[in-house]
Amino acid sequence: MAKGRRRQRTGFRDGRSFLLESWRRGEPDMRPDSGSIVIAHTAGMDALEKQLYGRAVYVTMEGGVRVTAEALLDALQRQCGIQPMAMKVEVACLPYHFFVRFDSVDDCAQVVYLKPLLRCGGAGMSVRRWCWDARGTPGKMEYKALVSIEGLPEQTWEVETVDNVLAGVGGRLEEMLPPTDRWVLSVTAWLQDPCVIPKSLTVVLPAPTPPPMRPSSDEAAESPSPPRSPTMKRTQEFNLFMHVKEVIDRGRVLIEGPSDGFYSDEEDLTRRHTFRTWRGKIDGTGPGDHGYA
């Protein structure tokens, strides 16, 4: 390539299609109607919760009156004496209309105290303090389990990553137990349903982002080429064995056939299930040649 000549960037046309292409990846008819995931609680989430606690409220306009974020900001300034630079008004996800954050705990408390008197656009408003569960519905993880994870890549043996792995199968990390080697990592965890934990699990790990390239002295004298948009993200797949070794079960007793009348809802059904698991073998098979998992 001649010196100073730039490589032509390649692109693609919006709406491009091919003959006989019946479906487009991502279109609504090819996607499931609903799904359910568990989100692992991260250090970043804890930090955001601390920033929002006592300094944020949800605002809902009564009667479905529509107002802008700017109008609400002006109303709070006039009626509460809060400077616009000391708060931020954003459109919120339903059922609320606005999410308001304050720099000061006192300003937030004042808005909550004055909420019966506040008006905007000729309508009253409902004000509710933010809390972590404000827009959710109650649920529970009622099964505590001892799980061994076999095959985790070495760089993922840390709390947040292991918590993410468990979240992907409907769990929440309780404790990482001290490992005896780098083959199997044992943890205690809360589970939504031990019966949905796969015996084998493929974990997809995106490749690390490479550091920016430093130009050589010859390249530095030329105008840098515009960055090319990547066409893919490289990943590596790791196959894990998920060994469920013990479950504390407080759920209903699983019985073949009709079970009405066997056990009352008030009866304490707590029991411990233990399972023999083997390294290098999926649960339910064995024994193995490498000891217990």
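Colleague: Is W278 buried or exposed?

Modeller: This is a predicted model, and the answer is computed from its atoms. A residue counts as buried under 20% relative accessible area and as exposed over 50%. The relative accessible area of W278 is 15%, so W278 is buried.

Colleague: With which residue does W278 form an aromatic pair?

Modeller: The ring centres of the pair are 4.6 Å apart, and the planes stand at 40°, which makes the pair tilted. Both residues lie in the segment after β11 (271–274), 14 residues apart. The partner of W278 is Y292.

Colleague: How does Y292 count by relative accessibility: buried, partly exposed or exposed?

Modeller: Partly exposed covers what lies between the 20% limit for buried and the 50% limit for exposed. The relative accessibility of Y292 is 47%, so Y292 counts as partly exposed.

Colleague: How confident is the predictor on average, as mean pLDDT?

Modeller: A pLDDT of 70 or more is reached by 87% of the residues. Residues 1–10 are below 50, and this stretch has 13 contacts in the model beyond near neighbours in sequence. For the protein, the mean pLDDT is 87.

Colleague: How many helices and strands are there in the protein?

Modeller: The protein has 293 residues, and buried residues make up 30% of them. Among contacts with a separation of 6 or more, 69% are between residues 24 or more positions apart. The count of elements is five helices and eleven strands.

Colleague: Which residues touch the most other members of the largest nonpolar core?

Modeller: This core holds 25 residues. The elements that give two or more residues to it are β1 (56–61), α2 (69–80), β2 (87–91), β3 (98–102), α3 (105–113) and β5 (123–129). The largest share, five residues, comes from α2. The residues touching the most other members are V59 and L72.

Colleague: What does V59 touch, leaving out residues up to four places away in sequence?

Modeller: Nonpolar side chains tend to be buried together in soluble globular proteins. V59 belongs to the largest nonpolar core. Its contacts are L72, Y96, H97, F98, V100, M125, S126 and V127.

Colleague: How many residues are in the other core, the one with A145 and L152?

Modeller: This core lies apart from the largest one. Its members include A145, L152, L166 and L185. The number of residues in it is 22.

Colleague: Is the pair of Y58 and Y96 stacked or tilted?

Modeller: Planes under 30 degrees apart count as stacked. The ring centres of Y58 and Y96 are 4.2 Å apart and the planes are at 15°, so the pair is stacked.

Colleague: Where is P95, which a cis peptide bond joins to L94?

Modeller: Most peptide bonds are trans. The bond between L94 and P95 is cis, with omega about 15°. The place of P95 is the loop between β2 and β3.

Colleague: Which residue does a cis peptide bond join to G286?

Modeller: The omega of this bond is about 5°. The residue in question lies in the segment after β11. Its name is P287.

Colleague: How many disulfides does the structure hold?

Modeller: A disulfide is a covalent bond between the sulfur atoms of two cysteines. C120 is buried, at 5% relative accessible area, whereas C131 counts as partly exposed, at 23%. The number of disulfides is zero.

Colleague: Which residues does V65 contact, leaving aside neighbours within four places in sequence?

Modeller: V65 is in the loop between β1 and α2, and at 29% relative accessibility V65 counts as partly exposed. The C-alpha atoms of V65 and A123 are separated by 6.8 Å, though these residues are 58 apart along the chain. The contacts of V65 are G121 and A123.

Terms used. Residues are numbered from 1 along each chain as its sequence is written. This is a predicted model: local features need pLDDT of at least 70, side-chain atom pairs count only at pLDDT 80 or more; totals for chains, interfaces and linings use all residues. Side-chain values use heavy atoms; hydrogens and water are left out. pLDDT is the predictor's confidence in each residue, from 0 to 100. Contact means heavy atoms within 4.5 Å. A nonpolar core is a set of buried Ala, Val, Leu, Ile, Met, Phe, Trp, Tyr and Cys residues joined through side-chain atoms within 4.5 Å. Buried means under 20% relative accessible area, exposed over 50%, partly exposed in between (1.4 Å probe, protein chains only). Helices (H or I, at least four residues) and strands (E, at least two) are DSSP runs, numbered from the N terminus. A disulfide is a pair of cysteine sulfur atoms within 2.5 Å. Rings of Phe, Tyr and Trp (its six-membered ring) pair if their centres lie within 6.5 Å; planes under 30 degrees apart count as stacked, over 60 as edge-to-face and the rest as tilted.
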